[in-house]
Each structure stands twice: as C-alpha cells, then as structure tokens.
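Let's take a walk through a protein fold, one piece at a time. Have a look at the model first, then read on.

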Amino acid sequence: MEMLVGNPNDTVSVSIIIPTFNGALRIGNCLDALLNQVVSQNAEILVVDDGSNDNTVEVVGRYPGVRLISQANAGPAAARNHGAQEARGAIILFTDDDCVPMPDWLDSMLVPFKDPEVVGAKGVYRTRQKRLAARFVQTEYEDRYHLMASLPSIDFIDTYSAAFRRDRFLEMSGYDTAFPVACAEDIELSYRMSARGWKMVFVPTAIVYHTHPDTFWRYLKKKYKFAFWRVLAVRKNPKKGVKDSHTPQVMKLQLLFLPALLFAVAFDFVMRPAISTTVIVAAVFTLSTLPFALRAIGKDPITGLLSPVLLAARACAQVLGVTAGVIYTRRKSGQIAVAEQ
C-alpha cells in the first residue's frame, strides 16, 4: 500500500530521498534542516516509510510540502529504490533520518553535477558530540576524508550524504536488496558504478551532522557489522577487495593483528624465545597506527594518544566480522547453488 502526501504533479529538478523506519523521534530534525534548502533549487523532499510501527507517518504528515510514500517493511535498500522510482528530479539525493544537513548542504551537493561527466557525489559527516567514543569516530571519518580529498574521483558513496543522476541510478537497478540492513549496500552500488568507469566525486563542503556511537562497545559492534556486510560487497565486486578510495591500505594489514597476536602468544608459550614474539607483534602494530595517531593528535590530542589501543580493538572487531561474513556468504552461495540444481 502506498500513501502520498504532497503534490505528485509539481515539476522539480532535484529529489531528496529519506528512508525511515520508526524514525518519529529523529526525522523532524532532518526535515526542519531541509525545508528552506529546497525552495531555491526547485527540489522536492520524499520520505519513504519502510513499514514503521510508531507515529512516523503522523510526524511526516505535519510537513505539507513533503511527499510521503509508505511501504511494507522491506529494508533500507528497497526503500531507497522505491523513492528513486517515485522521484521526479533528474538528480536524486539521499540522506538518513538521523542526519541534520547544514543550510548549504543541497547547494554544495549539486555543484559537481555542472560537470556532465559526474554521475555521483558524496558529502561528509560532522558531530557535536563530546564523548570520547564519538570523537574518535569523527576522527576516523576525517582520516578517510583526508584520503579521498586527494583523489580526482572516488568509488565510495555513503547514503548519509549521496547524490546521483537518477537515470544512471535506475540503470544500475539501484541498491542491492540482498543487503537487508543499512550497511554496505551503498558501497556495493558505488563499486558497480566505478566498474563502468563512471565519475564520482568527493564534496567536503557538503556537511550533515550525525549522532555517532557514544560508547566504545557500540562502536565496536558497528565495526563488526560493517566488516560482516563488506564481505558481501567485495564478493560481488572482487577487484575492490584490493583497493578502493575510502579504505586506507594499512587498515587491511591491521586486520592481521588478532590472528598474529594469538599465534605470537602461543609461540612464546611453547618456544620461550629470547625476544618475545608477542612484543614484536604489538610493536609492529603500534608503528602502523602512528600516521593516524599523529594526524589525530593535531585535532584531538586525547583520541590521538589513545588511538593505537582503539585501533587494535577496531582491528579485532573487524577481523571477527570478516570471518563471520565469509562464512555467511559461502553458506548463502551454497544454498543458491543447491536451489539452482
């Protein structure tokens, strides 16, 4: 069942699509931040309610200029695809219901499309949170932005601040609904677009504010989840497992920390070497974190000083996620193979 709020016949050039599930407490801040932006750009705001069971529909209904599409729960990828199909703009933008775009976000996101070769664009996260975990998350994002800012094109567009030419998005059939949660489906689409040689760019001036994980336990759970679903994205696009525009190469090497540490502890216990292998592994890992730590210290000394320990914890969570993701994808592939016989 579909319900539309707003005039579906108005002519627009840009569509902002916000998927939401039980977002009643969040989405109002997002919509408030966008309403003044759409007027000058002849844009529409389209909210896709993915089967919420709270009062999301009621909250969105308070915004008469916002189009609301309601669908049975099918996941964020399907919700975004539904929004793209219903959108009337030649350029479609995505953000999340827990994001608050800055007043010039829309204008900044549209600038790259003056170049007819540009197919997609990506903005950035910021946060006003003061807790250490959230500050570390922000530092981590900014480390990725540091990498992307030096590149003429990218292959990694996150949905929190994303823009595409609608016809190219639909040509790719949008996001892969094999991803049932809001995790890595945006990466997988970016990889597919990159494989076609399409140009995507980074827009550091397009800012949305976000609430990051505010405890390290939540942060590590999120890193596990990202690593788990990233396996599926890479399995569908194997070449990107070697290198992409978003992931520092050293981070992939750091994934070896946990297995190397376990081996070193066992080796030291059995062989009793003169120089501890465990200490060597820890020292090598610490050295690998220094570039990140030094950049972080300049912005946030405390997170910079703690970053070797935090990056070690991140590496452990990620390698566990990758391991579980490999098991999941192999099991899924086996089930598909059996079904096709």
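## A strand on the inside

Keep in mind that this is a predicted model. Start with strand β1, residues 14-20: 7 of its 7 residues are buried, so the rest of the structure largely encloses this strand. That goes for both of its faces, with V14, I16, I18 and T20 buried on one side and S15, I17 and P19 buried on the other.

From β1, the chain passes through helix α1 (residues 27-40) to reach β2, and this β-α-β crossover is right-handed.

Now zoom in on T20, which sits in strand β1. Is T20 buried or exposed? Its relative accessible area is 4%, and buried means under 20%, so T20 counts as buried. Leaving aside residues up to four places away in sequence, T20 touches R26, I27, V47, V48, D49, D50, S52, T56 and D97.

| Strand pair | Sense | Bridges |
|---|---|---|
| β1 (residues 14-20) and β2 (residues 43-50) | parallel | 7 bridges |
| β1 and β4 (residues 91-94) | parallel | 4 bridges |
| β2 and β3 | parallel | 6 bridges |

P19 has V48 in β2 as its bridge partner, while I17 stands opposite F94 in β4. Further along the sheet, L46 has R67 in β3 as its bridge partner.

## Helices across the sheet

How many of the 11 residues of α7 (residues 185-195) are buried? The count is 9 of the 11, so α7 is largely enclosed by the rest of the structure. The buried ones are E185, D186, I187, E188, L189, S190, Y191, R192 and M193. Their cover includes α3 (76-86), β6 (118-126), β7 (162-165), α6 (166-171), β8 (199-210) and α8 (216-236). After α7 comes G197, which has a positive phi, near 80°.

Methods:
Residues are numbered from 1 along each chain as its sequence is written. This is a predicted model: local features need pLDDT of at least 70, side-chain atom pairs count only at pLDDT 80 or more; totals for chains, interfaces and linings use all residues. Side-chain values use heavy atoms; hydrogens and water are left out. Buried means under 20% relative accessible area, exposed over 50%, partly exposed in between (1.4 Å probe, protein chains only). Helices (H or I, at least four residues) and strands (E, at least two) are DSSP runs, numbered from the N terminus. Two strands pair if DSSP finds at least two bridges between them. A crossover is right-handed if, with the strands pointing away from the viewer, the path from the first strand over the helix to the second runs clockwise. Contact means heavy atoms within 4.5 Å.
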